[in-house]
Each structure stands twice: as structure tokens, then as C-alpha cells.
Amino acid sequence: MRLVLYEPDIAENTGAILRLAACLAVPVDLVEPAGFVLDDRRLRRVGMDYVDQVRLLRHTSWQRFLEARPPGRLVLLTTKAAQAYTDFAFAEGDALLLGRESAGVPASVHALADARIKVPMQPLSRSLNIAVAAAMVLGEALRQTAGFPGGFPGPAPSPTPMDET
């Protein structure tokens, strides 16, 4: 399991996600360009010393990420998905892709995703904070795959078809 941040815009959100990943021993791929420099004090304020503990791999472009990524499914978190993350069967090698806070991912990246999932929300809500959504979905993915540090177990639901939108 890994997190992929596609051209993140907000340093504080990236810091929170890096802290989450460090605490749960999940590697992070950061696809540049980012909307801030990685030594931004805002990123460090939220990520604290955890930023130095995360397994972070920076990619200078989406193409470089695609060339370097390990095998496994690319699972896009998007408000445009039809399938809820709670109905999705995660696998150990999944890469959870998070788009830019301001614009998500472009159609070309969306089309490359093996699956698209969303966090169900009230009809009038547009989106959750990206770090909150990442924590919710990563928690479920680790529960299903018994991937929490120390092998914290959890039963996996039966597989469901992938979203084809």
C-alpha cells in the first residue's frame, strides 16, 4: 500500500499526509510540481519531525512516476467516482492516488486509474479536506489488507467490480 500525491497545492495538507504515512509505515510518492517548496515551514509545522521519517519518493513529473511505480493498481480518490471506498476490495499493492486540492487530476490521469473510489457525503457537500479523505481511505485499505504496523488484523470484504466510469 502506498499514497501518491499528484501535484499537491497546499503545504499543510501535504504535511498532514506525510505525518499520517510515517505513523502508518506507508510510503509516499510525490508527483511534482508542487505548489510549494518541500522545505516549506508550513509543511514542517504540520508534519513535524515525522516528515523526516516517511519513505518519500519524489517524481519530477507524472511520466517519471509512471516509469518508476511498482506493480499494483492505481486507485484514484475522486468525487466523480460511483463506488464508495467502503464497498471497494483493496489489495496490498494498491497505490492510492490523491489529486491536487484545487483541481484533482487531469482527464488523462483519471483515465489511467485502475479504479475510482469516493468518500460518500451529503448531496450538498463538494469535498472533504484531502488529508481527512486520505486518512479515511488509507485506514480502510490497511484494515482490509491487515497492513497496519504490527499486522493489526481486519477481515476483508468480498471483492467487488471496479468502477468503470
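**Figure 1. Crossing of helices α1 and α5 in the predicted model.** The crossing of helix α1 with helix α5 is right-handed. Two packed helices are described by the angle between their axes and the distance between the axes. Here, the axes of α1 (residues 11-24) and α5 come within 9 Å and cross at roughly 20°. Helix α1 is therefore roughly parallel to α5, because angles under 35 degrees count as roughly parallel. The structure shown in this and the following views is a predicted model.

**Figure 2. Secondary structure of the protein.** Five helices and seven strands make up the secondary structure. Along the sequence, these elements follow the pattern β-α-β-α-β-α-β-β-β-α-β-α. Of the 165 residues in the protein, 46% are buried.

Figure 3. The loop between β6 (95-98) and α4 (107-112) contains P106. P106 counts as partly exposed because its relative accessibility is 34%, a value in the range between buried, under 20%, and exposed, over 50%. Although P106 and Y6 are 100 residues apart along the chain, a separation of 10.0 Å is found between their C-alpha atoms.

How values were computed: Residues are numbered from 1 along each chain as its sequence is written. This is a predicted model: local features need pLDDT of at least 70, side-chain atom pairs count only at pLDDT 80 or more; totals for chains, interfaces and linings use all residues. Side-chain values use heavy atoms; hydrogens and water are left out. Axes are lines fitted to C-alpha atoms, for helices over the stretch in contact, and angles run from 0 to 180 degrees between N-to-C directions. Helices (H or I, at least four residues) and strands (E, at least two) are DSSP runs, numbered from the N terminus. Angles under 35 degrees count as roughly parallel, over 145 as roughly antiparallel, 65 to 115 as roughly perpendicular and the rest as oblique. A crossing is left-handed if the near helix is turned anticlockwise from the far one by less than a right angle, and right-handed if clockwise. Buried means under 20% relative accessible area, exposed over 50%, partly exposed in between (1.4 Å probe, protein chains only).
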